[in-house]
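This briefing covers strand pairing, the ligand site and a few single residues. Please read it alongside the sequence and the structure.

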Amino acid sequence: MSIMRSVLLAGAENAWLRERAMRTPFVRRSVSRFMPGETMEDALEASRRLITEQGTGTILTHLGENLSSLAEAAAVTAHYLELLDRVHREQLNVQVSVKLTQLGLDHGNEDCFRNLALLVDRADAVGNMIWIDMESTKYVDPTLALFRRIRERSARTGVCLQSYLKRTAADLEALLPMAPAIRLVKGAYREPPELAFAQKADVDENYFRLASRFFDRGIPPGTFLGIGTHDAALVDRLRAVAASKVQTPARHEFEMLYGIQRPLQTRLVRNGVPLRVLISYGEFWFPWYMRRLAERPANVLFVAKSLLAR
Ligand code: FDA
């Protein structure tokens with residue numbers, strides 16, 4: 001892991017820095033590049049624009065993680081229920097993605113499951129879909145266990161897997177018989193080399209191997225792959241794999257974050273490739289923003305430029 005990435009990811013966990021950065025106007029300005037606003041309405045408005053202007057569906061996620069009480073988890077759940085209802089009323093092509101720590105995972109699996117079940121039941125009722133984000137490694141086992149339980153209740157749910165983790169190939173093989181919906185990403189947290197590939201090339205190659213698995217024969221019908229990456233080389237390689245199969249076993253779509261690699265997003269849409277854009281919104285954006293900076297050193301330069309432009 002590069003020193004810059006390490007420093008930024010350590011900063012993401014620093015409360016002192018978070019308090020100050022979130023009040024600093026130039027930081028708030030540079031965040032707007034990746035986030036259309038802090039409210040549900042801002043995220044819905046950005047979704048309407050993407051849907052009408054380029055026909056791209058979205059996934060919305062309300063920022064926040066590691067809550068201090070179950071009352072907060074209940075409030076997050078209520079927020080997402082309202083979002084599902086809004087999307088249904090407006091008939092928007094908008095899905096929802098949640099972090100289990102926001103639904104109370106740190107306070108016990110059962111409370112978290114109850115909140116998750118409320119969301120998945122509502123998604124079932126209104127024909128929507130709940131994605132479960134993957135957080136740092138200590139949450140992988142409980143997240144996969146809760147995903148398995150909720151998947152038995154409804155197929156309208158999917159989970160994220162991270163290609164930087166050495167365990168993910170085994171996790172994927174264990175999940176495949178359920179015909180799951182999986183969003184594959186590289187991984188955004190600070191993980192030790194015993195658990196995660198340290199070299200970017202290894203993370204990328206593992207991504208390709210894992211994603212290619214969905215195009216093998218024998219994949220159960222109904223399996224779905226969300227290819228969550230902005231890596232143009234990987235996108236092209238995976239499009240070639242998908243095109244080379246006479247019969248594509250798993251349905252798939254590409255998924256990218258709002259504001260990142262816009263030219264690549266436009267190119268895919270122009271070529272008729274299915275794409276969905278994940279939009280994050282909310283007041284608690286600092287750790288998420290630091291992870292976005294860590295993904296690309298040039299972003300730090302961008303922040304520095306906006307500081308000079310004050
Ligand atoms: P990579 O980092 O190699 O980037 C490829 C190219 O994309 C870069 O060269 C650059 O041009 C561009 N790029 C990438 N990130 C950028 C940025 N922040 N700013 C500007 N340009 C950038 N992670 C996780 O651990 N758990 C999760 O649940 C999710 N969920 C999720 C959903 C979706 C839809 C996406 C797209 C991503 C996630 N992630 C995630 C984040 C993911 O793990 C990863 O950190 C980022 O997607 C960056 O990795 P890439 O695959 O884009 O490749």
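**Strands β4 and β5**

The chain gets from β4 to β5 by way of α8, in a right-handed β-α-β crossover. The model is a predicted one, in which local features need pLDDT of at least 70 and side-chain atom pairs count only at pLDDT 80 or more, while totals for chains, interfaces and linings use all residues. Residues are numbered from 1 along each chain as its sequence is written, and side-chain values use heavy atoms, with hydrogens and water left out.

**Terms for strands and helices**

- Helices (H or I, at least four residues) and strands (E, at least two) are DSSP runs, numbered from the N terminus.
- Two strands pair if DSSP finds at least two bridges between them.
- A crossover is called right-handed if, with the strands pointing away from the viewer, the path from the first strand over the helix to the second runs clockwise.
- Buried means under 20% relative accessible area, exposed over 50%, and partly exposed in between (1.4 Å probe, protein chains only).

**β4 and its neighbours**

- β4 and β5 run parallel and are joined by 5 bridges.
- Strand β3 (residues 130-132) also runs parallel to β4, with 3 bridges between them.
- I132 has V159 as its bridge partner in β4.
- A right-handed β-α-β unit is made by β3, helix α7 (residues 140-153) and β4.
- β4 is mostly covered, with 6 of its 6 residues buried.
- Its side chains split into T157, V159 and L161 pointing one way and G158, C160 and Q162 the other way, and all are buried.

- Strand β1 (residues 57-62) pairs with β8 in the parallel sense over 6 bridges, and H62 stands opposite Y281 in β8.
- Strand β7 (residues 251-257) runs parallel to β8 and is joined to it by 4 bridges, with L257 opposite L278 in β8.
- Between β7 and β8 the chain passes through helix α11 (residues 262-270), and this β-α-β crossover is right-handed.

**Ligand site**

- The ligand is surrounded by 26 residues, of which K186, G187, T229, H230 and E295 are the closest; a residue is near a molecule if one of its heavy atoms lies within 4 Å of it.
- By type, the residues of the shell divide into 10 nonpolar, 7 polar and 9 charged. Here Ala, Val, Leu, Ile, Met, Phe, Trp, Tyr, Cys and Pro count as nonpolar, Asp, Glu, Lys and Arg as charged, and the others, Gly among them, as polar.
- At least two shell residues each come from β4 (157-162), β5 (181-185), β7 and α12 (286-295). The largest share, 3 residues, comes from β7.
- A polar side-chain atom of R183 lies 3.3 Å from a nitrogen atom of the ligand. For K186, a polar side-chain atom is 2.7 Å from an oxygen atom of the ligand, and for K200 a polar side-chain atom is likewise 2.7 Å from an oxygen atom of the ligand.
- Taken alone the ligand exposes 930 Å², and the protein buries 88% of that (Shrake-Rupley method, 1.4 Å probe).

**Helix α12**

- α12 is largely enclosed by the rest of the structure, because 9 of its 10 residues are buried.
- These buried residues are F286, P287, W288, Y289, M290, R291, R292, L293 and A294.

**Single residues**

- Most residues other than glycine have a negative phi.
- A179 is not a glycine, yet has a positive phi of about 50°. A179 sits in the loop between α8 (168-175) and β5 and counts as buried, with a relative accessible area of 11%.
- Q261, also not a glycine, has a positive phi of about 55°. Q261 lies in the loop between β7 and α11 and is partly exposed, at a relative accessible area of 34%.
- V7, in helix α1 (residues 3-12), counts as exposed at 53% relative accessibility.
- V7 and P193 are 186 residues apart in sequence and 16 Å apart in space, C-alpha to C-alpha.

Notes:
Polar contact = N/O pair within 3.5 Å; in protein donor to acceptor, adjacent residues only side chain to side chain.
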